[in-house]
Amino acid sequence: MIYQDSKVILEVRGLCASVNGVEILKGLDFTVKSGEVHAIMGPNGSGKSTFAKVLAGHTAYEVTSGTALFEGRDLFELAPEERALAGVFLAFQYPIEVPGVANNQFLRLSYNTIQAQRGNEELDPLEFDDFVREKMKLLEMSPDFLSRNVNEGFSGGEKKRNEILQMALLEPSLGILDETDSGLDIDALRIVSHGVNQLTNKNNGIVLVTHYQRLLNYIVPDFVHVMEAGRIIKTGGKELALELETRGYDWVAAEHQAAMETV
Amino acid sequence: MNTLTSIRRPPAGCFQTLLTGLPKLQASPLPRINALRAEAVNRLDVLSLPSTRDEDWRFTDISELTKLSFSPALNATYLESADVAHFYIEEATTRLVFVDGLYAPQLSNSASNNGMVVSNLQTVLTTHAAVIEAHIGRHVTFNDNVFAALNTAFLRDAAVVIVPRNESDATPIHLLFIATQKEIVSTPRCLVIAETGSAVTVIEDYVVLYQPAWHEETPFTEETHFTNAVTEIMLEDNARVNHIRIQREGSKAFHIANCVVSLGRASNYQSVSVALGAQIARYNLEVLLAEGAECAVDGLTLIATNQLSDTHTCIDHAQPHGVSRQLHKCIIGGSAHAVFNGKIMVRNGAQRTDSIQSSRNLLLSGKAHVDTKPQLEIFADDVKCAHGATIGQLDSEEVFYLQSRGLSDSVARNLLTYAFGAEIIERIPVASLKHQLEQTVLEQTSSQL
């Protein structure tokens with residue numbers, strides 16, 4: 001939701017980034033204010049997921065120019081875990097399986113690390129168990145998922161729920177959801193979307209990276225951005241997503257091309 | 001002082017000096033044992049120490065061992081229960097303890113009721129002569145195995161477990177071998193017989209009385225000793241044995257062990273072996289399956305500094321309908337060197353064999369080294385077999401995932417390394433031991449990162 005006098009959470013200017021020497025992001029500008037939900041759409045290979053990973057600090061991506069201020073701090077000065085501690089959260093497109101580590105052990109370790117950073121009290125295993133079970137209800141997750149190994153043998157939908165559960169526990173000020181809707185059936189999509197909606201408030205910002213409009217029926221964005229060749233070439237309201245759904249992306253690129261030529 | 005000296009390829013009889021130093025063993029009341037010892041001594045005349053020119057020892061150079069002097073323990077170090085209680089495993093109320101290879105009755109808690117025997121060999125030699133004669137030295141043969149021959153030449157005592165027909169013991173049995181003296185060669189021996197339809201869990205555990213290297217808070221002196229163990233396990237039809245083997249010798253020790261497991265029809269053998277200690281360690285495990293027998297043979301090697309740890313296994317499907325599963329993992333830090341050689345043999349006629357073998361290796365440093373060789377030899381035509389090996393470092397995507405949840409790079413790496421090892425440790429069906437080893441893995445991995 002767009003609020004009056006909300007503060008800027010993330011401000012990206014002229015971001016260029018490459019992987020293995022190939023430039024993927026080519027001068028990207030992007031601003032998120034608190035309370036806002038942004039959807040980033042665009043064809044395959046336009047750089048959406050790269051942008052999400054660059055924000056989270058993936059070391060395979062090299063930022064070659066541009067700036068990103070996160071709540072006034074230079075994001076690119078921070079290691080991935082420092083970004084997490086500062087309040088950046090990335091829900092992975094493909095959550096990693098960690099055999100040998102119980103989910104509750106991992107969730108508590110992560111939760112307590114971030115609580116310690118914020119000067120809050122850490123929870124012992126029993127306290128945490130109560131706390132996390134409450135959060136799991138939000139995502140209609142069975143408590144069985146606590147004793148299983150992190151994401152091991154989880155279905156696609158279960159992995160995505162586990163990601164949103166982590167977001168619920170860590171309460172980031174910037175939540176980036178990288179294709180959280182991919183691989184979800186309609187029930188799981190509804191549950192995950194409901195969870196995300198419960199987590200949005202006027203103090204945080206959400207960035208949804210998605211291919212499809214259907215997610216946006218459930219999580220209604222304030223802004224829809226179209227990415228193409230490493231840049232945001234069009235920004236509109238939620239109705240832009242519907243237009244993209246019926247017309248595809250080509251017309252946006254053509255419009256952008258024409259605009260560039262007249263300049 | 002007796003010496004195991006050798007030139008590069010030692011001549012026959014390199015152990016003679018050691019053997020002549022041994023006080024003449026009293027004749028055993030069992031003729032079989034006297035015969036075995038005599039045969040073994042003779043065999044040592046012919047056998048030579050392996051070198052890296054032997055295919056089976058290609059990656060494992062034991063020349064360090066041959067440069068040192070060892071003598072057998074003549075007097076047992078007298079220990080009180082309080083000295084060693086920290087080695088005890090809560091669930092294992094039955095326990096046999098050997099100190100430098102010599103039986104320590106004051107530390108042991110033997111059992112002999114309902115026909116169940118958990119005792120040292122000397123005690124049950126005459127009462128169970130027939131069954132002992134039927135099995136001892138029959139499974140681990142020493143014709144071409146110099147270390148098995150050496151062990152057998154020293155055969156005086158052993159840990160004996162006999163589980164009678166259809167008897168099942170839910171509580172694990174702890175066979176604890178403690179090394180306390182330097183420059184000692186000890187020759188532990190275990191004989192486990194699970195009769196038809198019986199079930200038992202046996203923990204074979206090699207420890208030192210000083211703290212291993214990764215507990216830096218307690219000062220200690222590391223000493224060199226040489227453990228040369230032989231274990232024979234016999235499962236009669238439909239028997240079930242859980243065998244947990246923990247090798248946590250000191251960092252200067254030499255540990256060589258030969259184990260042969262013989263599975264009767266439709267029997268089930270589950271084994272987890274964990275190798276943590278020793279300067280040079282070598283474990284040979286041979287599992288022979290009769291019709292419809294099943295086994296799971298899992299292992300974890302966790303080594304660092306300049307340790308060398310070698311595991312050779314052979315799972316031999318001699319008859320049809322056998323099932324075997326093997327997962328062997330190595331975590332190698334420092335400039336350590338791990339070796340895994342796992343052979344799956346499917347003999348002619350062993351139709352419908354179902355076998356899966358996997359070797360997974362994690363290198364924690366640029367100087368760490370592993371040689372892994374999974375081998376399938378199939379002589380039957382209707383079988384389902386798969387094997388594979390991976391060698392790698394920690395996956396950077398996994399590290400990033402954990403970092404993105406606020407964990408530092410080192411905590412993330414530590415957790416993933418721990419998890420890699422925990423997959424094997426989790427398979428140990430004894431809760432307190434499992435917990436203890438999880439802690440050990442956690443401490444050792446964190447000290448390296």
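**Note on chain B: the α8–α9 helix pair and the overall fold**

1. Helices α8(B) and α9(B) cross in a right-handed manner (right-handed if the near helix is turned clockwise from the far one by less than a right angle, left-handed if anticlockwise). The contact involves Glu398(B), Val399(B), Leu402(B) and Gln403(B) from α8(B), and Asp409(B), Ala412(B), Arg413(B), Leu415(B) and Leu416(B) from α9(B); contact requires C-beta atoms, placed from the backbone, within 7 Å. By class, these residues comprise 5 nonpolar, 1 polar and 3 charged (Ala, Val, Leu, Ile, Met, Phe, Trp, Tyr, Cys and Pro count as nonpolar, Asp, Glu, Lys and Arg as charged, the others, Gly among them, as polar).

2. The model is predicted: local features need pLDDT of at least 70 and side-chain atom pairs pLDDT 80 or more, while totals for chains, interfaces and linings use all residues. Residues are numbered from 1 along each chain as its sequence is written, with chains lettered from A and ligands numbered from 1 in the order in which they are written.

3. Helix α8 (residues 396-403) of chain B packs against helix α9 (residues 409-425) of chain B at about 125°, the axes being 9 Å apart; axes are lines fitted to C-alpha atoms over the stretch in contact, and angles run from 0 to 180 degrees between N-to-C directions. The pair is therefore oblique (under 35 degrees is roughly parallel, over 145 roughly antiparallel, 65 to 115 roughly perpendicular, the rest oblique).

4. Chain B contains 10 helices and 21 strands, taken as DSSP runs numbered from the N terminus (helices H or I, at least four residues; strands E, at least two). Its C-alpha trace spans about 70 × 55 × 45 Å along the principal axes.

Methods. Two residues are in contact if their C-beta atoms, placed from the backbone, lie within 7 Å.
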